[in-house]
Amino acid sequence: MKNNTSPVEGPDGLVYTARLPLSSATLNYLATLIRGHLKKIGSRWRALPAGKIAGIVLAVLRCDQRPGDLAGGNGVHRTTVTRWVREAVSLLAARAPRLDRALKKIARTGGGVVLLDGTLIRTRRRTGTANRKNYSGKHKCHGLLVIALTDDRGRLLWVSAARPGRSSEITACRHDKLTAKLRAAGLGAITDLGFVGLDDSGPDADSAVITGYKAARNRPLTRGQKLSNKALAAVRAPVEHGFAHLKNWRILGKVRTDPKWATALVRALLVLTNREVSR
């Protein structure tokens, strides 16, 4: 019996095609940004057209495809795909809304409250003492803390800078001076029990942060306080939907790159998420 070891027809290696669960409007938006950037910097040639580059970048962000795999299927080097991704992320992150502008926009449209919450974005565990600050004792894993604001429908308005996982949510909000900016815009924030103590206003001032009631060991909650917590939980549900839309981008499943790049990444995904949700 003859052993046939001749290669199969086609290019070296196995190549497959897959469909991205994104709209063509998002692809065209990113491709337009890339074309404008190339024109601005005077780049006369790229290995692939802007539309193809945008598709590769979205595949990395949405499906967490490895740059090396996409590079082999498109006839370019892995470092080229990585450079395209970082370039596109920088372009998108520059269009993320600032905190004060986002709050003023809500106030102009007649909104009275925003929804506030935090989430942990898992990162790869790195060796050395420099990565110990990224370990979250609350979640028992390494990650980065991100604070976000949404409107009453769950649309993301703003995300904070990514901070080490050991940071508390209250500390992150105080670093961004969130309560002062809420009062300046005439808005209030509804949040969970993890933010109890964030609002340091006096007894005569209007509260800028609305939380539920927290039980103590010798002071159980009354029936009215339990009903109040239940009502606040129902109002807060859209902010969880907002985080779910953001984490549909699978690259946030576990960030493998430099944590310093995570802030630009999250803000870029905020822009893309709003494009997808509002289409």
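Into which domains is the protein chain divided? In this predicted model, the chain splits into domain 1, covering 24-94, and domain 2, covering 99-278. Between the C-alpha centres of the two domains there is a distance of 30 Å. The contact draws on 15 residues from domain 1 and 16 residues from domain 2.

What do the two domains share where they meet? Together, domain 1 and domain 2 bury about 1,600 Å² between them, and 63% of that area sits on carbon and sulfur atoms. As for salt bridges, the count between domain 1 and domain 2 comes out at zero. Polar contacts do turn up, though: four residue pairs, both partners at pLDDT 80 or more, are in polar contact across the interface of domain 1 and domain 2. On the side of domain 1 that touches domain 2, the elements giving two or more residues are α1 (24-41), α2 (50-63) and α4 (78-93). Sorted by type, the residues on that side of domain 1 come to 10 nonpolar, one polar and four charged.

Is Ser 160 buried or exposed? Its relative accessibility is 1%, and since buried means under 20%, Ser 160 counts as buried. Leaving aside residues up to four places away in sequence, Ser 160 touches Val 146, Ile 147, Asp 176 and Arg 267.

How values were computed. Residues are numbered from 1 along each chain as its sequence is written. This is a predicted model: local features need pLDDT of at least 70, side-chain atom pairs count only at pLDDT 80 or more; totals for chains, interfaces and linings use all residues. Side-chain values use heavy atoms; hydrogens and water are left out. Buried means under 20% relative accessible area, exposed over 50%, partly exposed in between (1.4 Å probe, protein chains only). Contact means heavy atoms within 4.5 Å. Domain bounds come from an automatic or database domain assignment. Buried area is the accessible area (1.4 Å probe) that two parts lose on being put together, summed over both. A salt bridge is a side-chain nitrogen of Lys or Arg within 4 Å of a carboxyl oxygen of Asp or Glu. A polar contact is a pair of N or O atoms within 3.5 Å; within protein, one must be able to donate a hydrogen and the other to accept it, and residues adjacent in sequence count only if both atoms are side-chain atoms. Helices (H or I, at least four residues) and strands (E, at least two) are DSSP runs, numbered from the N terminus. Ala, Val, Leu, Ile, Met, Phe, Trp, Tyr, Cys and Pro count as nonpolar, Asp, Glu, Lys and Arg as charged, and the others, Gly among them, as polar.
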